[in-house]
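Here's a quick briefing for anyone meeting this structure for the first time. Have a look at it below, then read on.

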Amino acid sequence: MLHIKCPHCGMRSQNEFSYGGDASVKRPELGKDISDQDWNNFVYNRKSLRGKHWELWQHLAGCRQWIKVERDTGSHEIFKTLKAEEEIS
Amino acid sequence: MTQSFRLKDVGLIDRNKKLSFKFNGKKYYGYEGDSLASALIANGVHLIGRSFKYHRPRGFFGAGVDEPYAIVQLYRNGETEPNIKATEQELFDGLEATSVNCWPSVNFDIGAVNNFLRIFLPAGFYYKTFMWPKSFWFKIYEPFIRKAAGLGTVSIKHDKERYEHKYEYCDLLIAGSGPSGLASAYAAAKNGARVILAEDKSRFGGTLLTSEVNIGNKSGKEWADGIISELKEMPNVTVKNRSQVFGYYDHNMLVMSERVSDHLPETKEFHPKQRLWYIRAKEVLISSGSIERPIVFGNNDTPGVMLSSAAKEYMKVYGVLVGKNPLIFTNNDSGYETAIEFKKNGINPLILDTRSNPKSEIINEARDLDIKIKYSYVVVAAQGYKKVKSADIAKISDDKEQLGNIENVKCDCICVSGYWTPTIHLASQSGNKTKFNEEIDAFVPGISKQNEKTLGAANGIYTLEETLKDSFEVGHEVSKKITNNENKVSFPNVVEKKSSIHDKFWCVPLPKGKNYKRFLDFQNDVAVSDIEIALREGYRSIEHVKRYTTLGMATDQGKTSNLNGLQLVSKIENKVVPAVGHTTFRPPYTPVSIGAIVGREVGKHSKPTRKSPMHSWHEKNNAVFVDAGVWLRPRYYKRGNEDLFAASKREAKNVRTNVGVCDVTTLGKIDIKGPDAAELLNRVYTNAWSKLPVGKARYGVMLREDGIVMDDGTTTRISENHYHMTTTTAQAANVLSHLEYYLQLVWPELNVNVVSSTEQWAGAAIAGPKSRNLLQKLFPNSDVSNEGLPFMGYMEGDLFGVKARIFRISFSGELAYEVNVESNNGNFMWEKIIEVGEQFEIQPYGTEALSTLRIEMGHVAGSELDGRTIPYDNSLEGLLSKKKDFIGKRSLIREAFTAEDRQKVVGVVPLDKKTSIPEGSHLVKDSKAPSPNPKLGYISASCWSVEYDNPFSLAILKDGKNMIGEKLFVMSPLKNKIIPVEIVSSHYVDPKGERVRS
Ligand SMILES: [Zn+2]
């Protein structure tokens, strides 16, 4: 079970969180024209990479904040966690 | 029965406490402190089971966790448990155990024929033998295998024992209480660290209990006892025996199973049988010791062949002789320690040492005791079937290839020592990159991935002085990192005998003309010849060899077989062992009870149960409940002998004719506040929200980004910047997370707050033509007329002194209202509604009647909004705003979603107006078409229409728009039904929706 540092609450066990997928995905702006390909990429297409990955987690059974977590998908090492409003560096 | 193999006055057992027990129906006696194994050996019992594949007789090989043979079926306090190691099971009064894997009995075993037919059961026999002919599988192979194989029987009764889970945090978890565990725990504890010290066995001390050493002028055991009692007194230390750390997971999470009550005849009141500990440790010290390695020779699985360290442990800990005429077969000094112990107890052993001229203190001591020693000698084969009777021995050449003349010596046990293998399982599980240590011929931990360190024998350090020095040092250093303290403990004086180096010999060659089975894996019956076959057949990777031969795949996970297996592969392949590599170690290190893994989450406790504030009223009024997610909801209220069908029909009918009340507390409720609340609703719902006035409710549908309907519900504008959203019961949690996702990550500029208020409000739906009359009586000071409170209107009211929210919304399709009060007033509200409603013939109705009402009205719900349908499919396309964008809108123009013959919700009525239509049935054009019959749609929900008194269903049907009036067939192969039906509008009752507005 992973140990995730919530930027708001501190170190917490994985079972307090729920996974939210790739954090680098940006939702297209509302009301803007977008090609089928770009929309498909946003809705469906994700890299399933092995290695460092910025991903979203929600501290569901805690502060309920969505956070960004940089994790190695192979080793599960967590390098950094950020608040929702903080930009991935 | 006399305990004829029990020594006098030796061991750590309590001879004042005699215990009786049964094995295979026969009664024996042992003492408190015995293991089942030691008590059986004390009584001269060495035949305990049959092997898995060849059904060869099985005795005892070890004395602890490494035991591959002595697996029994245990009976305790009316329960039975398989796969119990007799070496680990502590004896208690009244214990009963039986052999496993033998049929009809341990002494006469049908499966032993396999032993004589073993030419047919080589490596890979599982893959080869039972492949064909196919028809043989069910009739012949499977029943035979089931009856003849297996390691015990699982109880099919409900386990009445209690198992607990515990979460714990510590600075330092130390796995194993041998010398390295004790020393490191002591140093760290004295330096202020919060320490958990875990010991698998009941006794602390590990090898200190059996070795002849002196620490600080005390015997090893006295020193261990002293350290343990001091640790137990310290508030920062938790000391646990009978506790196996079996798994090392990510981020220094370790799991330990504590056998709280397994050593007792029955579990004490309020105690669990076992406790599973989830331990998050800042640092982990692995002091799991080492396991003695066998030397491979002919018939080395005969009962009476065992590890020399086990023979010593049976003597020193349990006061039991494993034999009275022992043969010691060793390639190192450990065998001598066992021989000396025999000699001290009046038994004359014979030592066969594979080395030609070893010299050490221990060897000198053995010589001084007049113990017979033969150098450059090996055991070629054990003789005897159910017990060792003699051994064929021979001199071996210096290159270990040539055997001299075979001699036969009488003996009743063969104690083998092939040196020591560090127990690296936990380190390997943690991700540690292990490395091969040439000096000890085994893998040891290498580079750590997590915060762990391995100490002592588990790290390949086999001298006590070095082990203690290193462990005191590491215990101090690791604790200092955490506590910043500098309290050092002084290092005790250590006296131990020096050993000479071991001989890397591990497998006795076959003598000419002999074809003895030489076993590597004693539990899965994998022999040297099986590995040879696997390699001949082209298997190369050690992982493949393992799976093909099942080497190391038994419940002991190859604790005694792994290394010899690797040595064999490396020899045949002409590679060095590290080039072959070892297979992956995976948790659990030892088998763990399913009960312990499940813990308290059994049956109703597997998830929490949520009840509405009116629950006790429902109970008192004969409600029959149904699970709705984690909620319990009344399904119907039983009157007299009514069944579900009759009761729900009555309840639904009463709503259509008079008035009914339904507990709708379970609906998800989200409180939304902020100046941008309307904008948020605009974006998450498909319809427009900017113009909704205060005091009005609106129905809304929300989509996922892929265009699939996520949820529906009504949202009411309570005041200027305050909305009350409702969701379906099932989606309540998801919708809240969904809103939080968009507010926190996608549109943080929106000034809105959302919070769940599901628990805060109790809800009652009042529905039926008389509902307004009832409402007037409930709220005499409010104007609830059609003008005062129109359809989709909202007002606050005073319910006999209690503040209430009144929504004019309808799920049943009747004139209906929903009243909400604070949860703690829920029961008051409910009772008032029932009391005042009596004059209007009110009846409570449950979810079944609720379903009936919504189905015949054609209101889509969870069974249509099933995560596969878009708004069009549910005839909700009218709610799609053309003027604004919303979540998922872009997906709706995808080709499949705009197809002309796109599926759509329709109504289905059986032509005979009688036959009920099973939910989930398929709709087809031609009931006689050959399989696969093209499926046009499926029945999503069925009811008995109370309006028309005939069955009615909703279906999602291909090209549903153009299918009204068509005649199709409903097919349910499950229920063996074919029903001719007509497709009608989904709005079966009141298609214009006049009633809700009346
Ligand atoms: Zn948090």
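How many residue pairs are in polar contact across the interface of chain A and chain B, counting pairs with both at pLDDT 80 or more? The rule finds 19 of them. Keep in mind that this is a predicted model.

**How the two chains meet**

- On the chain A side, 27 residues are in contact with chain B, and 29 residues of chain B are in contact with chain A.
- Put together, the two chains bury about 2300 Å² between them, with 53% of that on carbon and sulfur atoms.

**Charged links**

- Three salt bridges are counted between chain A and chain B.
- A:Arg27 shows up here too: this residue forms a salt bridge with B:Glu705, and the closest N and O atoms are 2.4 Å apart.

**What chain A brings to the contact**

- Helix H1 (36–43), strand E4 (52–58) and strand E5 (66–72) of chain A are the elements that each give two or more residues to the side touching chain B.
- H1(A) supplies the largest share of that side, with four residues.
- Sorted by class, the chain A side that touches chain B has 13 nonpolar, nine polar and five charged residues.

**Getting around chain B**

- Chain B is divided into domain 1 (14–129), domain 2 (163–290 + 422–495), domain 3 (294–418) and domain 4 (899–998).
- Taken over C-alpha atoms, the centres of domain 2 and domain 4 of chain B are 67 Å apart.

How values were computed: Residues are numbered from 1 along each chain as its sequence is written. Chains are lettered from A and ligands numbered from 1 in the order in which they are written. This is a predicted model: local features need pLDDT of at least 70, side-chain atom pairs count only at pLDDT 80 or more; totals for chains, interfaces and linings use all residues. Side-chain values use heavy atoms; hydrogens and water are left out. Contact means heavy atoms within 4.5 Å. Buried area is the accessible area (1.4 Å probe) that two parts lose on being put together, summed over both. A salt bridge is a side-chain nitrogen of Lys or Arg within 4 Å of a carboxyl oxygen of Asp or Glu. A polar contact is a pair of N or O atoms within 3.5 Å; within protein, one must be able to donate a hydrogen and the other to accept it, and residues adjacent in sequence count only if both atoms are side-chain atoms. Ala, Val, Leu, Ile, Met, Phe, Trp, Tyr, Cys and Pro count as nonpolar, Asp, Glu, Lys and Arg as charged, and the others, Gly among them, as polar. Domain bounds come from an automatic or database domain assignment.
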